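Trainee: Before we discuss any details, could you put the model up so that we can go through it together?

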Amino acid sequence: MTQDELKALVGQAALQYVTPGDIVGVGTGSTVNKFIDALASMKDQIPGAVSSSEASTARLKALGIPVFEANAVGELSVYIDGADEIDAQGHMVKGGGAALTREKIVAAQSRRFVCIADESKLVKLLGRFPLPVEVVPMATARVVRQFADMGGTAQVRLKDGAPLITDNGQYILDVTGLEIADPLAFEREINQWPGVVTVGVFALQKASVCLLGTSDGVKKLTF
């Protein structure tokens with residue numbers, strides 16, 4: 001199967017974690033788009049969704065699925081999102097779609113995080129995928145230097161030749177050259193740096209379940 005077909009497979013499989021009558025937390029990205037498309041088949045069974053990005057909000061609304069503000073609802077039963085990397089403990093690197101801060105907010109609001117991904121995202125050690133870090137623009141140069149002190153190379157993500165601006169009005173740094181052996185400690189450290197809005201390591205809000213699309217079908221990993 002193609003990568004696109006694997007994404008559709010796990011997007012459909014994730015419907016089993018959607019409880020009729022509950023608002024569902026919805027992430028961002030190409031795999032989540034497949035889930036949103038599948039969720040349309042259940043739109044009459046749920047009140048709606050809390051979305052982690054403007055892009056997902058637009059897709060949900062286009063399919064007739066109401067979108068609620070996070071502050072307008074209480075705890076969510078499930079948050080369904082993809083990952084750029086996930087390890088055997090359920091720790092993830094996320095933010096390839098630049099929505100990591102809102103993704104982490106909705107994940108923290110949810111009792112269960114169901115990660116949907118194709119098998120290429122499963123890694124032994126986080127860090128091969130460039131680590132996204134959302135930063136306040138005035139802190140950019142200093143945070144770049146702090147990552148250099150750790151052995152990492154940080155670059156501002158560009159769009160059309162200018163810094164990409166997130167839904168929150170901030171910049172994204174993509175950091176290469178790191179091996180993240182202790183994701184929990186790493187996340188806690190980087191989040192303390194002044195000017196860092198969110199680091200794209202999801203260890204405090206790690207996955208409860210991962211539905212992994214493989215050539216043999218969907219493989220379920222539980223953490």
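Mentor: Helices here are DSSP runs of H or I with at least four residues, numbered from the N terminus. Please keep in mind that this is a predicted model.

Trainee: Where does Arg 145 lie, and is Arg 145 buried or exposed?

Mentor: Arg 145 has its place in helix 5, which covers residues 140-149. Exposed residues are those over 50% relative accessible area. Because its relative accessible area is 51%, Arg 145 counts as exposed.

Trainee: How are helix 2 and helix 3 oriented relative to each other?

Mentor: Helix 2 (residues 30-39) packs with helix 3 (residues 54-62) at an angle of about 25°, and their axes are 10 Å apart. Since angles under 35 degrees count as roughly parallel, the orientation of helix 2 to helix 3 is roughly parallel.

Trainee: How many residues of strand 8 are buried, and which residue in strand 13 is the bridge partner of Val 133?

Mentor: Strand 8 (residues 131-135) is largely enclosed by the rest of the structure, because 5 of its 5 residues are buried. Leu 131, Val 133 and Val 135 point one way from the strand, while Pro 132 and Glu 134 point the other way. Strand 8 pairs with strand 13 (residues 196-199) in the antiparallel sense over 3 bridges, and there the bridge partner of Val 133 is Val 199.

Technical notes
Residues numbered from 1 in each chain as written. Predicted model: local features only at pLDDT ≥ 70, side-chain atom pairs only at ≥ 80, totals over all residues. Heavy atoms only, no water. Helix = DSSP H or I, 4+ residues; strand = E, 2+ residues; numbered from the N terminus. Buried < 20%, exposed > 50% of the residue type's maximum accessible area, 1.4 Å probe, protein only. Axes fitted to C-alpha atoms, helices over the stretch in contact; angles between N-to-C directions. Parallel < 35°, antiparallel > 145°, perpendicular 65-115°, else oblique. Pairing = 2+ DSSP bridges.
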